[in-house]
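Look over the sequence and the model before reading on.

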Number of protein chains: 2
Amino acid sequence: MSANKVNVDLQRERAKCDFNTEELTNFLDWGVKYTEKRRNLEQKVLSVKGLLDDTPEEYMSHKEKYENSIRKSVLFYKTLHSMEDENMSIDEKTRINFRNIVTSAVFKDNSPLMLHNSMFIPTIMGQGTDEQKAYWMKRAKNMEIIGTYAQTELGHGTFIRGLETQATYDPDTEELVLHSPALSSYKWWPGGLAHTANYCVVMARLYIKGKSHGIHPFMVQIRDEETHMPLPGIKLGEIGAKLGFNTVNNGFLGFENHRIPRDRMLMKNAQVLKDGTFVAGSNSKLTYGTMVFVRVIIVNSMANMLAKAVTIAVRYSAIRRQSQPKPNEPEPQILDYVTQQHKLFIAIASSHAFYINAMWLWEIYYSVTSQLAGGNLDNLPELHALACCLKPLSTIDATTMIEKCRLACGGHGYMLSANLAQTYGLATAAYTYEGENTVLLLQAARSLVKAWGGHVKGQPLKGTMAYLAENPTVKVWDGSVDGIIQSFKVVAIRKLSSVVKILKEYEKSGLSPEDAWNKASVFLTAVSEAHGRAVLLSVYKSETDKRAAALSPPLRKVLLQMVDLYVTYWALEKVGDMLLSYVPVVGKRASTVRRQFALSWALRLDSGHVSPIAFMSAAAERRQYASITERDVEELQRRYIELLAAIRPNAVGLVDAFDFRDEILNSALGAYDGRAYERLMEEAMKSPLNAEPVNQTFHKYLKPFMRGKL
Amino acid sequence: MSANKVNVDLQRERAKCDFNTEELTNFLDWGVKYTEKRRNLEQKVLSVKGLLDDTPEEYMSHKEKYENSIRKSVLFYKTLHSMEDENMSIDEKTRINFRNIVTSAVFKDNSPLMLHNSMFIPTIMGQGTDEQKAYWMKRAKNMEIIGTYAQTELGHGTFIRGLETQATYDPDTEELVLHSPALSSYKWWPGGLAHTANYCVVMARLYIKGKSHGIHPFMVQIRDEETHMPLPGIKLGEIGAKLGFNTVNNGFLGFENHRIPRDRMLMKNAQVLKDGTFVAGSNSKLTYGTMVFVRVIIVNSMANMLAKAVTIAVRYSAIRRQSQPKPNEPEPQILDYVTQQHKLFIAIASSHAFYINAMWLWEIYYSVTSQLAGGNLDNLPELHALACCLKPLSTIDATTMIEKCRLACGGHGYMLSANLAQTYGLATAAYTYEGENTVLLLQAARSLVKAWGGHVKGQPLKGTMAYLAENPTVKVWDGSVDGIIQSFKVVAIRKLSSVVKILKEYEKSGLSPEDAWNKASVFLTAVSEAHGRAVLLSVYKSETDKRAAALSPPLRKVLLQMVDLYVTYWALEKVGDMLLSYVPVVGKRASTVRRQFALSWALRLDSGHVSPIAFMSAAAERRQYASITERDVEELQRRYIELLAAIRPNAVGLVDAFDFRDEILNSALGAYDGRAYERLMEEAMKSPLNAEPVNQTFHKYLKPFMRGKL
């Protein structure tokens with residue numbers, strides 16, 4: 001692209017950026033090596049003919065969207081296959097794919113074959129015996145069969161023990177009978193299940209001789225390999241249109257006493273012997289590992305989606321001009337409005353925070369799984385609890401801020417050609433998948449309350465929970481970045497200790513532990529949020545310090561500004577928590593302290609033992625308790641506004657450094673050249689309605705209506 | 001519908017509701033008379049054959065959606081016409097339509113003819129001379145022509161002075177030459193403009209003899225009445241797919257020196273004489289009136305959309321069962337989880353709050369417009385400022401809560417058959433239309449700062465601004481409903497007085513007034529929010545007290561519970577503001593007060609003039625300043641949880657009372673009978689993809705791919 005075609009405002013923005021954007025790109029990519037690998041992969045995929053749509057998907061019918069995505073899927077997966085390196089470690093793969101979202105250039109949402117690689121194959125690997133793996137993996141890897149993974153049912157989601165699908169063993173024929181006893185037991189949601197996959201791993205409850213043996217995975221052929229017709233006893237279809245993922249072919253699946261051979265149960269963990277003997281698995285905490293892994297990926301993908309949205313919004317805000325605050329001056333770029341900076345810059349910082357937390361979480365996860373291989377499970381519960389906080393917080397923040405980016409683009413953000421609404425649609429799905437956010441926060445709260453109970457009994461707190469053992473009462477408010485992070489820890493400690501008290505109180509008042517838990521659940525989710533925020537903030541800061549040490553001073557300065565912005569923003573968002581947590585000023589205990597303090601001084605003054613001057617200095621000492629003041633808050637507010645001003649000149653450079661190709665942004669508002677109005681019009685002209693000047697409905701309906709003849 | 005088909009959980013919920021839902025329906029409808037009229041209208045429209053879709057719109061292509069909506073539009077408007085009563089007052093019309101959203105049953109979003117009645121006709125009425133009205137109104141009323149209203153341009157939105165479209169008067173031919181000097185001046189957004197309307201009111205900048213005379217409305221024919229072809233010099237088309245409103249046919253419009261007769265300028269306010277003399281209009285504040293009216297309608301429509309979303313979510317939460325907190329007990333209804341109640345009940349209360357505020361605002365507006373007719377404009381600026389707060393607050397709250405309702409339905413909320421995503425898509429559009437929210441909040445702030453300046457100089461504050469004159473320092477925190485509302489006023493006063501100080505400071509530091517305003521703009525929007533919240537809360541409370549006086553005690557009790565919930569919820573949401581506003585505890589002034597206080601007592605104690613006991617009671621007195629404590633916050637939290645428990649048994653009754661017919665809810669999850677799973681499946685079966693067991697793409701792409709032949 002020649003520079004002279006780039007919008008002049010954007011040219012000026014780029015000229016004034018005072019750090020090296022390529023250096024930041026490499027930093028976000030986990031190193032220059034991965035920037036290269038990512039770009040190479042993007043280049044290969046995007047040069048395949050037929051992978052990008054001429055007519056945008058939004059103009060197609062639901063059926064056409066599916067058919068188009070199948071056409072593209074086979075091209076896409078063929079390309080991916082050709083690039084695959086069997087010897088690559090999972091660590092290397094994760095790093096290369098950390099910021100690879102080229103899929104979103106090809107499918108505005110995703111492919112019906114997505115679950116084949118992301119769920120079907122990993123389940124065979126994780127749950128199959130060596131023999132099963134040998135047989136199925138060959139067929140699956142070559143895509144001779146296409147599989148998916150069916151767990152969720154129409155009536156059952158996050159609560160897996162509630163699944164109703166039955167797999168009853170018949171020792172006479174050595175078969176398993178799959179059955180859906182009610183409509184609510186129909187599988188519902190799996191991608192590719194409706195018309196695409198011919199195999200499926202089905203999670204069902206195993207019954208042997210009338211006895212239930214829990215939920216297990218079964219490999220089920222669902223369609224004929226020749227004709228693709230659903231097999232007898234299998235009911236298949238698609239679940240219908242959704243907010244997003246409309247090309248993914250999500251399906252439903254019901255069974256009418258459908259029989260499969262015994263060896264189709266994936267038996268690595270538990271087995272059914274020929275005679276119907278059930279051999280239970282070791283049921284270790286190992287499955288935690290996969291859940292943690294998936295949640296690391298979610299934090300990472302939220303960073304990517306948010307980065308995409310804010311790239312679009314910041315570039316558009318640099319070229320959009322609006323209003324005329326000063327007479328005789330041109331309309332300013334909307335990026336110069338402080339309210340606009342307030343909406344957008346936190347999204348850049350949050351994206352950095354999520355990238356860096358995801359990197360850190362991945363490195364811990366990778367080291368913990370090595371420990372797992374060696375039989376050491378000690379760090380798993382704490383890591384699991386952390387992932388249960390970070391997945392919800394990252395999805396909540398990212399979706400909120402993506403939506404803010406869309407709204408910051410005014411009316412044009414509402415156009416699908418801006419690609420902001422679709423980005424939101426995809427991101428918000430993560431709110432419920434892989435564990436509904438509220439349920440996860442309550443799971444994390446369970447771990448935190450348990451850890452606190454142990455701590456009270458003198459057991460040590462580990463890893464990211466270690467700070468909970470600190471004594472919050474002696475902490476003094478300190479407006480530095482580290483001081484604020486410290487205060488977030490104080491908030492978490494206070495909320496946790498307070499909810500433990502509330503739980504006890506509720507139980508004392510006669511509630512069962514379960515009812516007490518429910519009654520306190522709003523506070524419990526707040527505890528998990530507070531813990532998650534404390535970790536997010538402190539990891540973002542400490543890892544930036546560590547990872548940025550080798551960077552050039554201008555970039556390091558910018559990165560630390562972003563940390564400062566993030567920390568200050570959240571301190572102001574949670575100012576009520578801050579004020580309440582430095583309690584002694586306003587709290588019950590505090591007023592006791594204050595009263596005792598006043599009384600003792602009154603007595604001492606009365607007895608003539610101290611002078612008024614000593615009283616004054618004692619009052620100053622007492623300020624250690626009353627440590628966050630209105631003035632502190634005002635200082636935070638001023639600092640926040642100054643930070644926005646300091647970041648402003650680098651804003652476009654910061655989003656350029658996310659390094660999204662135009663095909664990936666897929667946005668009329670966000671393209672590198674800033675030709676937003678021209679592109680909006682070019683995209684509009686792709687609408688099939690614009691192919692003819694007069695639509696047929698004029699003659700059929702409108703004209704007779706206007707002539708009063710209808 | 002026979003009762004035995006209703007889900008048993010819903011039957012049980014309805015049996016335990018302890019108030020009369022019909023009485024509540026009448027209350028929300030502004031009286032029993034309007035309930036009847038609304039139901040009658042719904043019945044008439046919904047019994048027209050062909051107005052409801054057999055195949056849901058989401059399966060159609062973009063073009064099919066438009067064609068289908070034109071087919072339905074002519075049926076729909078014919079029906080409306082047949083029911084029209086020419087003699088009905090605007091007050092009566094507003095009340096009948098207050099809770100009439102039958103349009104949403106017919107068009108999941110809206111009709112391409114919508115702007116004909118809502119903007120085209122009112123503009124002719126408001127801006128045309130008597131002669132112009134006589135000619136155009138006849139044609140428009142009979143729908144012999146179909147019109148729309150074009151103001152916004154590709155490059156210009158809320159800032160109307162920035163519009164670029166030119167209307168240059170040519171005295172030689174007595175014509176006006178319409179021209180679009182740049183792509184950014186193309187009209188962009190008007191509903192029905194693309195392929196539907198043949199006339200359009202165009203807002204353009206008038207030039208006479210090279211001089212600009214501001215923005216005026218022009219009546220422009222855009223298509224031939226016979227052929228519907230765009231006229232020469234007129235470029236028309238649709239703007240493409242959007243997040244919502246895809247059947248509305250939003251269009252673009254550009255002019256290439258297109259000539260219209262002089263008398264096509266709507267000349268009620270300003271005129272161009274034949275010789276090119278410009279006669280300026282009185283340019284009164286009268287246009288404020290229309291803007292206020294539209295914003296009343298928006299507050300009202302937010303109440304309706306939110307009520308719809310929460311009806312769906314509460315009914316679904318009553319039939320959905322999940323998890324098993326207690327062994328050997330059935331899975332509970334998710335409505336029994338306190339976290340779920342926390343997500344949903346505030347949406348019911350907010351809907352009530354918006355209905356009641358909209359009723360009150362309408363009544364004020366109606367009385368102010370009578371004053372306007374009599375030449376009294378005194379109350380208009382304050383009313384305008386208020387509308388500039390309530391429109392943003394109602395759209396922000398409603399969209400946030402609608403989305404919360406969707407997420408509270410878990411994965412199924414993501415299905416379009418739930419009709420929650422579409423409801424959000426429509427509601428969120430109000431965030432930007434009729435004045436972008438941030439811009440409006442800053443406009444309101446401008447009025448508030450100005451009023452404060454007047455107040456300081458001794459001028460009286462009027463109407464909803466009167467409370468700003470109260471002295472906040474003497475207020476004592478009081479956790480009653482009225483006490484909390486009072487404290488919201490204190491917050492607004494403090495924020496306003498503080499921002500005035502900040503503005504002065506910024507100007508003192510050398511910034512121009514405009515730059516100071518921009519730098520303080522984040523705080524300024526917070527001032528408007530605080531003012532808006534204070535009014536919303538206090539009107540909700542006082543109007544409920546007043547309007548509910550004649551109701552039965554059980555209903556009155558429930559309505560006051562909702563007020564209590566709303567007030568408590570917002571006190572907790574804004575706890576930081578509460579803590580900061582009862583400042584003396586933590587503020588700078590406070591510590592001075594405290595120090596002085598301590599010193600004076602120390603001296604008096606020292607001199608033996610008072611006893612320690614007197615010191616103690618003085619300390620208690622001092623608590624008047626330090627009036628909101630951690631303990632107060634804990635009490636609020638407890639009260640909030642108790643309120644959720646108290647409302648729980650009536651939750652389904654409360655949403656039933658919104659009285660939305662199933663056709664209007666249009667939701668598999670929210671239908672009256674609660675057959676959510678059956679309906680999800682029935683809706684899925686309407687997908688054209690489910691019409692055939694094997695899609696053609698299997699043979700064309702998938703099979704060759706799986707056989708490695710592609």
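The contact draws on 153 residues of chain A and 154 residues of chain B. About 13500 Å² is buried between chain A and chain B. The model is a predicted one.

**Interface area**
- The size of an interface is often given as the accessible area lost when the parts come together.
- Of the area buried between chain A and chain B, carbon and sulfur atoms give 66%.
- On the chain A side, A:Y414, A:L689 and A:F705 lose the most area to chain B. Together these three residues give 6% of what that side buries.

- A salt bridge links A:E226 to B:K703. The closest N and O atoms of A:E226 and B:K703 are 3.1 Å apart.
- Residue pairs in polar contact between chain A and chain B number 55, counting pairs with both residues at pLDDT 80 or more.

- Strand β5 (residues 199–208) of chain B runs antiparallel to β6(B). Nine bridges join the two strands.
- Across this pairing, B:C200 stands opposite B:V220 in β6(B).
- Two residues lie between the strands of the hairpin. B:K209 takes a positive phi near 50° in this hairpin.
- Strand β6 spans residues 211–221 of chain B, and eight of its eleven residues are buried. Strand β6 of chain B is therefore largely enclosed by the rest of the structure.
- In a regular strand the side chains alternate between the two faces of the sheet.

**Three-stranded sheet of chain B**
- Three strands of chain B form an open sheet in the order β4-β8-β7. The pairing is antiparallel.
- The edge strands are β4 (187–188) and β7 (234–238) of chain B. Each of these edge strands pairs on one side only.
- Five bridges connect β7(B) with strand β8 (residues 251–255) of chain B, in the antiparallel sense.
- B:L236 has B:L253 in β8(B) as its bridge partner.

Conventions: Residues numbered from 1 in each chain as written. Chains lettered and ligands numbered in written order. Predicted model: local features only at pLDDT ≥ 70, side-chain atom pairs only at ≥ 80, totals over all residues. Heavy atoms only, no water. Buried < 20%, exposed > 50% of the residue type's maximum accessible area, 1.4 Å probe, protein only. Helix = DSSP H or I, 4+ residues; strand = E, 2+ residues; numbered from the N terminus. Pairing = 2+ DSSP bridges. Contact = heavy atoms within 4.5 Å. Buried area = accessible area lost by both parts, 1.4 Å probe. Salt bridge = Lys/Arg side-chain N within 4 Å of Asp/Glu carboxyl O. Polar contact = N/O pair within 3.5 Å; in protein donor to acceptor, adjacent residues only side chain to side chain.
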